[in-house]
Amino acid sequence: MANPYLVVDNLTKVYERGQVLALRDLSFSVAKGEFLVVIGLSGSGKSTLLRCINRLIEPTRGRIWLDGTDVTRLSPARMRRVRRKIGMIFQQFNLVDRSTAIGNVLTGRLGYLPGWRALLGWFPKADREKALANLERVGLRDKAYVRVDQLSGGQRQRVGIARALMQDPDLLLADEPVSALDPATSHSVMQYLEQMNRQDGVTVIASLHFLSLARRYGTRIIALKDGQLVFDGPPTAIDNAKFKEIYGEDAEEVEVR
Amino acid sequence: MTGYPEGFVSPRPAWTTGRGLWEAVARRADRAGRYLAPFLLDVAGLAAFWILATYTYAWYVLGATAYLLVPWWVLLLGVVEGAIVWESFGRSWGQKVVGRELASGSGRPTASERLRYFVLWHAFGLTGIGFVTVPPLHERLSGLALARERPSSLAPVPWYRTSAGLFTAAFLGVTMAAALGVTLTWESVVRLFTQAGQSLDFWRALVRPDTSILLEAGRDMIVTVFMAVLATLFAVVVAVPLSFLAARNLMRGPIGRPIYTAVRGAMSIARSIEPIVWAIIFLVWVTALRSPFAGILALWVHSIADLVKLYAERLEAIDQGPIEAITATGAGRLSVLRYAIVPQIVNPYISFTLYRWDINIRMATVVGLVGGGGIGQRLINYIWGVQYRQAGMVMILIVLLVWAIDYLSARLRAKLA
């Protein structure tokens, strides 16, 4: 790999309470434009890994380079500037329920707005138009002024995607984006991620539960088990033996169609 | 992966930093507390039982009031020794409450193990020496541990076959007997009926209220409503910022936690003093000036304490998800507050404020009784002056006002939910 976009080097995370070792000396790198899928059982460290990359969680040891910058060493102010270019979507959507769809989408611009304008809620006209355009893109133009607690799960996740799009991200972190959705909706949401990856050239790192989804959308898969890397390769390389190694002897593969 | 520096710096051991050391001490104290909790509960329980039992015995048998019947140090020695015996040789009430039981490595503790534990408790537990290690020394040396209750496949033992169950029953019985002895004398029950006629004048006046004072009383009522509004409004101004300092989830770390504890402590003290007491304090403070000002101050202080608690508990229950999401967009701290926290708390805060305003209307009347101004002060003046017809008018007005405000605040709050 000539010029890795993201390098994770010996990343370790220890949670103080109960001394849980969430990640152990994890190292891998990601090239620009990849669609990397992280798989593994619940508690294998997927969420912790994604949150270490944008430092929602502080790593205990190790380094993370993003586009040549060591993000683990950045001051809070400089970290915020880096975060502007990292979109993130969540399993539970993490929207502000009492706010409208467009209100939620606009918060994606907060990193670009001077503090006083943010406090007054005075978003530039260009941002508002961009928000409507992004809602249009995820097929929710007509729901722009509806409170998000009135929306369905799939619609709410699409609001989350529109919020991430507002950031003009170079990297998208998706923490189990479809785990709370039914299979049909899952594919619709995954297709938006695929579109961002292919059309806008956004590097995507998504953690997924279903191997079938990982195979369908990922250009590369890494697998975690107890915070350690147990697989790194193309989707086609996961055979039955590898599957049992990642998920345990008793696991059966479930298809999502 | 060339071009990137290799390796990582290994962190300092936790106990070499001030914070790490502090946390280690705190953790140890916490664990010692957990080992001590059943003992302290037993001591307190036995002491309370003795006091109540003595009181009951003295009241019914000796016909006197007594609480100890033995020197205080005899009681102390007795209950401490009693607690240790109970915990060593049985399943004590305190152990049951915290959900722990004595267990040995092989299962049920033997009599000799229990005896060893009993003796070691005196040497190490009572002196406190044992708690330098976790688990404490007396546990290590006796081979017994105060372990978490294990789920048992056996049918539960009925309460009347356990010492803790019998103790609880005896405690309740003695409490009941003591309470009956204090409050209920036959004489007073009889008086409730035979002297009902004394209040007849009052009831009679109440149904023939004096409407001529309607205008003056109405003016005082406006004063009362204003007292409540002003006290609530000023309380909100102070309580909103304080509530952030009193929210456990926002105040973390070595600086945040002490602030949290201080604010919460001050608020619970202020709240435990009733508004009527605050009113008396402020009446003295503002040079015994009989005016609504003292009443407003009293309601203000109590409202702050109450609102901070309500607000902070709402803050502690907020969904962390939006905070995470908005932080991830690269927004600053104030933006996170404005866009992730504030939307979640605005309506509940307004709702709590309305609720408190509703309480303050009623409290403003009570505060008036001690001279805090408004309708309450008018009421008490009429009652002392035996002007029962006027007092009756005022009481009717108060009922109407409270009912109206109650209804209004409930409707508004329902809208906010």
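Being four residues apart in helix H14 (residues 333–372) of chain B, B:Arg362 and B:Asp358 are separated by about one helical turn. This is a predicted model, and in it the two side chains form a salt bridge, with 3.3 Å between the closest N and O atoms.

B:Arg413 is partly exposed, with a relative accessible area of 23%.

Chain A has a linked group of its own, where salt bridges that share partners join A:Arg109, A:Asp127, A:Lys130 and A:Asp168 into one network. Side chains of opposite charge can pair when their charged atoms come close. Over all chains, a search of the whole structure finds 25 salt bridges.

## The sheet of chain A

Let us turn to the strands. Chain A holds an open sheet of four strands in the order E2-E1-E4-E5, with antiparallel pairing. Strand E2 (20–30) and strand E5 (69–70) of chain A stand at the edges with a single partner strand each, so one side of each is left without a neighbour in the sheet.

Further in, strand E1 (residues 6–15) and strand E4 (residues 61–66) of chain A run antiparallel and are joined by five bridges. Opposite A:Arg63 in E4(A) stands A:Asp9. A:Arg63 also forms a salt bridge with A:Asp70, the closest N and O atoms being 3.6 Å apart. Both A:Asp70 and A:Arg63 are buried.

A helix accompanies these strands: helix H1 (residues 46–53) of chain A lies across E1, E2 and E4 of chain A. Relative to E2(A), H1 of chain A runs at about 60 degrees.

## A nonpolar patch on chain B

Back on chain B, there is a nonpolar surface patch of about 930 Å². B:Tyr57, B:Trp59, B:Tyr60, B:Val61, B:Leu62, B:Leu69, B:Met176, B:Leu180 and B:Leu184 make up this patch. Helix H1 (18–62) and helix H6 (163–183) of chain B each supply at least two of its residues, and H1(B) gives the most, with five.

B:Thr56 lies in helix H1 of chain B, the helix that gives the most to the nonpolar patch. Is B:Thr56 buried or exposed? With a relative accessible area of 12%, B:Thr56 is buried, because buried means under 20%.

What is B:Thr56 in contact with, leaving aside its neighbours within four places in sequence? The contacts are B:Val61, B:Val174, B:Ala177 and B:Ala178. Among them, B:Val61 is also one of the residues of the nonpolar patch.

Technical notes. Residues are numbered from 1 along each chain as its sequence is written. Chains are lettered from A and ligands numbered from 1 in the order in which they are written. This is a predicted model: local features need pLDDT of at least 70, side-chain atom pairs count only at pLDDT 80 or more; totals for chains, interfaces and linings use all residues. Side-chain values use heavy atoms; hydrogens and water are left out. Patches are made of residues with over 30% relative accessible area and no salt bridge: like charges are joined within 9 Å, nonpolar side chains (Val, Leu, Ile, Met, Phe, Trp, Tyr) within 5 Å. Accessible areas come from the Shrake-Rupley method with a 1.4 Å probe; for residues, only the protein chains shown count as cover. A salt bridge is a side-chain nitrogen of Lys or Arg within 4 Å of a carboxyl oxygen of Asp or Glu. Two strands pair if DSSP finds at least two bridges between them. Contact means heavy atoms within 4.5 Å. Axes are lines fitted to C-alpha atoms, for helices over the stretch in contact, and angles run from 0 to 180 degrees between N-to-C directions. Buried means under 20% relative accessible area, exposed over 50%, partly exposed in between (1.4 Å probe, protein chains only).
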